Amino acid sequence: MSTAQEARNKETYHRFHEAVNSGDLEIISKAIDEYIHPDGRFHPAQQTDVTAVQAQKRIWAILLRAFPDIHVTVEDLLAEGDKIVARQTVTGTNSGEYRGMPPTGKSVTYNEIFIARFADGRITDIWGVVDVYSQLQQLGHIQA
């Protein structure tokens with residue numbers, strides 16, 4: 001894959017995160033449809049039959065309900081061939097129900113790393129690791 005294509009993949013990833021940081025579920029949903037291939041695969045720790053589009057729409061609906069001010073900062077974005085790797089910091093204030101728990105009003109800052117594979121300018125595969133333990137600890141749902 002050319003350096004130009006790697007740069008385009010990084011730019012696509014940045015545009016997707018601009019939509020994510022809008023805080024508007026409609027804008028995010030349109031970005032998901034635009035930047036993620038309809039047959040794209042999401043590869044969570046526990047395998048599902050949910051497409052990447054379905055998973056991302058569900059995830060962002062949950063996160064925006066729980067953390068309406070959620071913000072994702074891309075700290076590092078590396079491209080190699082048809083993949084990018086992003087190290088990100090997420091911040092937000094828990095002002096809505098999350099994981100069956102009532103809002104705490106507490107702010108969180110946690111890290112995540114995602115790998116995305118691209119084909120023809122769209123994301124076809126997503127792998128990720130999110131520091132949910134830190135998130136839940138900061139919310140007071142688990143002890144240190």
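Reader: How are helix H1 (residues 3-20) and H2 oriented relative to each other, roughly parallel or roughly antiparallel?
Author: In this predicted model, H1 (residues 3-20) packs against H2 at an angle of about 160 degrees, and their axes lie 8 Å apart. An angle over 145 degrees counts as roughly antiparallel. The orientation of H1 to H2 is therefore roughly antiparallel.

Reader: Is the crossing of H1 and H2 left-handed or right-handed, and how do the residues of their contact divide by type?
Author: The crossing of these two helices is left-handed. From H1, Thr12, Arg15, Phe16, Ala19 and Val20 meet Ile27, Ile28, Ala31, Ile32 and Tyr35 of H2. The residues of this contact divide into eight nonpolar, one polar and one charged.

Reader: How are helix H2 and helix H3 oriented relative to each other, roughly parallel or roughly antiparallel?
Author: H2 (residues 25-35) and H3 (residues 52-66) have axes 10 Å apart and pack at an angle of about 160 degrees. Angles over 145 degrees count as roughly antiparallel. The relation between H2 and H3 is therefore roughly antiparallel.

Reader: In what hand does H2 pass H3, and how many residues of their contact are nonpolar, polar and charged?
Author: H2 passes H3 in a right-handed crossing. On the H2 side the contact is made by Leu25, Ile28, Ser29, Ile32 and Asp33, and on the H3 side by Val53, Gln56, Lys57, Trp60, Ala61 and Leu64. By type, the residues of the contact of H2 with H3 are seven nonpolar, two polar and two charged.

Reader: Is Gln56 buried or exposed, and with which residues is Gln56 in contact beyond its neighbours within four places in sequence?
Author: Gln56 lies in helix H3. Its relative accessible area is 7%, and because under 20% counts as buried, Gln56 is buried. Leaving aside neighbours within four places in sequence, the residues in contact with Gln56 are Phe16, Ile32, Ile36, Phe42 and Ile126.

Reader: Which residues touch the most other members of the largest nonpolar core, and which element gives the largest share of this core?
Author: The largest nonpolar core has 35 residues, of which Trp60, Phe67 and Ile70 touch the most other members. Seven residues make up the largest share of this core, and they come from H3.

Reader: Which residues of helix H4 are buried?
Author: E4 is included in what covers the buried residues of H4. Just after this helix, Gly140 takes a positive phi of about 85 degrees. Within H4 (residues 132-139), the buried residues are Ser134, Gln135, Leu136 and Leu139.

Reader: What phi does Arg99 have?
Author: Most residues other than glycine have a negative phi. Arg99 is found in the loop between strand E3 (83-93) and strand E4 (107-119), and it is exposed, with a relative accessible area of 52%. Although Arg99 is not a glycine, it has a positive phi of about 55 degrees.

Reader: Where does Asp120 lie, and what is its phi?
Author: Asp120 lies in the loop between E4 and strand E5 (122-130). With a relative accessible area of 82%, Asp120 is exposed. Its phi is positive in a residue other than glycine, near 55 degrees.

Reader: Is Gln5 buried or exposed, and what separates the C-alpha atoms of Gln5 and Gly81?
Author: Gln5 has its place in helix H1. At 18% relative accessibility, Gln5 counts as buried. Gln5 and Gly81 are 76 residues apart along the chain, and the separation of their C-alpha atoms is 8.2 Å.

Reader: Is Ala144 buried or exposed, and with which residues is Ala144 in contact beyond its neighbours within four places in sequence?
Author: Ala144 lies in the segment after H4 and is exposed, with a relative accessible area of 88%. Its C-alpha atom is separated by 8.9 Å from that of Ser134, 10 residues apart along the chain. Leaving aside neighbours within four places in sequence, the residues in contact with Ala144 are Tyr133 and Gln137.

Note on methods:
Residues are numbered from 1 along each chain as its sequence is written. This is a predicted model: local features need pLDDT of at least 70, side-chain atom pairs count only at pLDDT 80 or more; totals for chains, interfaces and linings use all residues. Side-chain values use heavy atoms; hydrogens and water are left out. Axes are lines fitted to C-alpha atoms, for helices over the stretch in contact, and angles run from 0 to 180 degrees between N-to-C directions. Helices (H or I, at least four residues) and strands (E, at least two) are DSSP runs, numbered from the N terminus. Angles under 35 degrees count as roughly parallel, over 145 as roughly antiparallel, 65 to 115 as roughly perpendicular and the rest as oblique. A crossing is left-handed if the near helix is turned anticlockwise from the far one by less than a right angle, and right-handed if clockwise. Contact means heavy atoms within 4.5 Å. Ala, Val, Leu, Ile, Met, Phe, Trp, Tyr, Cys and Pro count as nonpolar, Asp, Glu, Lys and Arg as charged, and the others, Gly among them, as polar. Buried means under 20% relative accessible area, exposed over 50%, partly exposed in between (1.4 Å probe, protein chains only). A nonpolar core is a set of buried Ala, Val, Leu, Ile, Met, Phe, Trp, Tyr and Cys residues joined through side-chain atoms within 4.5 Å.
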